[in-house]
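Visitor: I have a chain to look at and some questions about its residues. Please show it, then take me through it.

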Amino acid sequence: MGGGEPQLGKRNLYPSLNSRTNLNMSNDAIMDGHNLLDLIRNELSLADGTISLFELAQYLQTPLSDVFAVYQVLADKGLLTCQH
């Protein structure tokens, strides 16, 4: 991937409506879009290949299951890869 910010909208990772008052009327499948979007942005900014998902979950004070679920989505979209 080249430099710059990944385009989340074209990958259907950005809520279609961005207001807290009308988020429930969003026409996409993103549930709790603001929290999900925050987690996506945090994972993308912190995933540098030196931190594990477990460490990331601890740092973000977020359940590991949520961090892993977002990782899977980002990996499926080609935004993150797994380093063994």
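Guide: Buried means under 20% relative accessible area, exposed means over 50%, and partly exposed lies in between, with a 1.4 Å probe and protein chains only. This is a predicted model: local features need pLDDT of at least 70, side-chain atom pairs count only at pLDDT 80 or more, and totals for chains, interfaces and linings use all residues. Residues are numbered from 1 along each chain as its sequence is written, and side-chain values use heavy atoms, with hydrogens and water left out.

Visitor: Is Arg41 buried, partly exposed or exposed?
Guide: Arg41 is found in helix H1. Helices (H or I, at least four residues) and strands (E, at least two) are DSSP runs, numbered from the N terminus. Because its relative accessible area is 41%, Arg41 is partly exposed.

Visitor: What pattern does the chain follow along the sequence?
Guide: The chain has three helices and zero strands. Read along the sequence, the pattern is α-α-α.

Visitor: How far from Glu43 is the nearest side chain of opposite charge?
Guide: Glu43 is found in helix H1, residues 33–46. Lys and Arg count as positive and Asp and Glu as negative, while His and the chain ends are not counted. A salt bridge is a side-chain nitrogen of Lys or Arg within 4 Å of a carboxyl oxygen of Asp or Glu. Glu43 is buried yet has no salt bridge, and the nearest side chain of opposite charge, Arg41, is away by 13 Å.

Visitor: Is Leu56 buried or exposed?
Guide: Leu56 is found in helix H2. Not counting residues up to four places away in sequence, Leu56 touches Glu43, Leu46, Ile51 and Val67, where contact means heavy atoms within 4.5 Å. Because its relative accessibility is 2%, Leu56 counts as buried.

Visitor: What separates the C-alpha atoms of Leu56 and Val67?
Guide: Leu56 and Val67 are 11 residues apart along the chain. Val67 is also among the contacts of Glu43 once neighbours within four places in sequence are left aside. The C-alpha separation of Leu56 and Val67 is 7.6 Å.
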